[in-house]
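Have the structure open as you read.

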Amino acid sequence: SLLFDYDDVLIVEKLLPHVKGPKLIFECATELMAYNEVGSFNMKTSDGGPAGPPPAVKAILSQFTSGKEEDRVAGYVKLLKVGPSLLKFIPGEKASDLKMWLEAYRFWNQGGLENVVHMLELLQKWYSQEEYEIPEVFITPDIGLLHPLHEGEYFTSPKQYISWRESLQCRQKAEEENIVLAPDGSPRVAILLY
């Protein structure tokens, strides 16, 4: 995920033909995304043209881009964002491999250990043809705050975070974990990740 640096792309591209099994390459340089492969679904072309998604996916992608080469990555990322919500419109057996690729992305996109574990378990069961149920995805908010002592939940506002941070519950958790907290009212530092 997120490989765009030219030197990195060249190195990884040499390795990908040797990888067996599913290849899930999300939000990367188009040269690498061509190696996406889940079952019969892949983004390689058989007509000698440029690598990319199969015709059905290209048709959907065309709705998100102006058709210019520089829009391909942007359109692909938009497809990945809305693709999982389109799953209900994809017919059963006909596109099951595409469905699995989109399901895997749905877990990957939301991030977090729980979602990645669910994604890997889902792929393992699917590839070994075991019965499986698709677990619920833990939704990561578009905007939120995290603290290592507040596992599994995001704060939706700075006010909510400060209220928790200055609570007895937070101090008790820190004491249990043998972590020294800054005194209440101390300046705060936040790291913004995009």
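Predicted model: local features only at pLDDT ≥ 70, side-chain atom pairs only at ≥ 80, totals over all residues.

Residues are numbered from 1 along each chain, and side-chain values use heavy atoms, without hydrogens and water.

The protein chain has eight helices and two strands. Helices are DSSP runs of H or I with at least four residues, and strands are runs of E with at least two, numbered from the N terminus. Along the sequence the pattern is α-α-β-β-α-α-α-α-α-α. Of the 194 residues, 30% count as buried (under 20% relative accessible area, with a 1.4 Å probe, protein chains only).

Now the pair. The axes of helix 5 and helix 6 come within 7 Å and cross at roughly 160°. Axes are lines fitted to C-alpha atoms over the stretch in contact, and angles run from 0 to 180 degrees between N-to-C directions. The two helices are therefore roughly antiparallel to each other (angles over 145 degrees). Which residues of each helix make the contact? The table lists them, with contact meaning heavy atoms within 4.5 Å.

| Helix | Span | Residues in the contact |
|---|---|---|
| Helix 5 | residues 96–110 | S96, D97, M100, E103, A104, F107, W108, Q110 |
| Helix 6 | residues 113–127 | N115, V116, H118, M119, L122, L123, W126 |

How values were computed
Parallel < 35°, antiparallel > 145°, perpendicular 65-115°, else oblique. Buried < 20%, exposed > 50% of the residue type's maximum accessible area, 1.4 Å probe, protein only.
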